Amino acid sequence: MASSSSSSSSAAQALGGNPLEEWTGRVKALEARFRAWMAKQPIHVEAAVTTAVGVVQGGALGGLMGSLTADGGSPFPMPPPPPNANPQAVASFKQAQALAGGPLVQARNFAVMTGANAGISCVMRRIRGAEDIQGSMAAAFGSGALFSLVSGMGTPNPVASAITSGVAFAVFQGGFFMIGQKFSKRQGVSEDTYYSRTRSMLQKLGLEKYEKNFKKGLLTDHTLPLLTDSALRDVKIPPGPRLLILDQIKR
């Protein structure tokens, strides 16, 4: 009995492998199916779901940051500004208050900022067909403007402050995007520029692991409109992913 139980456990380990790797594989498979489902949805559905996910993530991050700040854990509220303070002092106070609020305030601010950024990025990526600097800067502008309006940093002129914050967010995001591109070009191969649209499409479908198959078969962005089932079969892409790729190209 003991030998049979030990043999069965060893067989289960041989079949199942590492539990952590098995769990990670299930999560990745679920994520791939979710991305494939998202890629088939209309743009408004994908944008709504992406925005909701960004709101949840931003709210959790903001709540955590707010709970770690001194003001968030202090029993004494921040004193109001003097009644005879000039508008510039009031605006500075509001900015400090927005950045040093408690968990609920920070959760709200970060939820709006990350949700807007995720939603606008999704829409721009679907419209432009790729994730580029223009879409990234547009998403940063929208998230910065909404963050300024919601957090109350725009007093005494909320519209001007929202525009200023949006421009600042967009400039910073554009700079980071360009720096990231330079580093990726240095670390990667120059031929990657010929697979940008292909990479974006595979990421939408959750099929990033087949990018090497495209490169091995020299299936660049210029060949996307010409792809057939036999061409994808020649680079050893399974039937299921082939159907998703061809359907994405048709749409």
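Which helix holds Thr51? Thr51 is found in helix α3, residues 43-68. The model is predicted, so local features need pLDDT of at least 70, side-chain atom pairs count only at pLDDT 80 or more, and totals for chains, interfaces and linings use all residues. Residues are numbered from 1 along each chain as its sequence is written, and side-chain values use heavy atoms, with hydrogens and water left out. Helices are DSSP runs (H or I, at least four residues), numbered from the N terminus.

Thr51 has a relative accessible area of 26% and is partly exposed. Here buried means under 20% relative accessible area, exposed over 50%, and partly exposed in between (1.4 Å probe, protein chains only). Thr51 touches Gly115 and Gly119, with residues up to four places away in sequence not counted. Contact means heavy atoms within 4.5 Å. Thr51 and Gly115 are 64 residues apart in sequence, yet their C-alpha atoms are 4.6 Å apart. A polar atom of the Thr51 side chain lies 2.7 Å from the backbone oxygen of Ala47.

Seven salt bridges are found in the whole structure. A salt bridge is a side-chain nitrogen of Lys or Arg within 4 Å of a carboxyl oxygen of Asp or Glu. Arg199 and Glu211 form one of them, at 3.0 Å from N to O. Arg199 lies in helix α9 and Glu211 in helix α10, so the pair ties together parts that are 12 residues apart in sequence. Arg199 is partly exposed at 24%, whereas Glu211 is buried at 15%.

Asp229 pairs with two arginines. Its salt bridge with Arg233 has its closest N and O atoms 2.6 Å apart. Both residues lie in helix α11, four residues apart, about one turn of the helix. Arg233 is partly exposed at 45% relative accessibility, and Asp229 is partly exposed at 26%. The salt bridge between Arg242 and Asp229 has its closest N and O atoms 2.9 Å apart. Arg242 lies in helix α12 and Asp229 in helix α11, so this pair ties together parts that are 13 residues apart in sequence. Arg242 is buried, with a relative accessible area of 9%. Salt bridges that share partners also join Arg199, Glu211 and Lys215 into one network.

Helix α12 comprises 12 residues, 239-250. Buried residues of α12 include Pro241, Arg242 and Leu244. The buried residues of α12 pack against α2, α9, α10 and α11.

How values were computed: Helices (H or I, at least four residues) and strands (E, at least two) are DSSP runs, numbered from the N terminus. The expected span of a helix is 1.5 Å times one less than its number of residues. A polar contact is a pair of N or O atoms within 3.5 Å; within protein, one must be able to donate a hydrogen and the other to accept it, and residues adjacent in sequence count only if both atoms are side-chain atoms.
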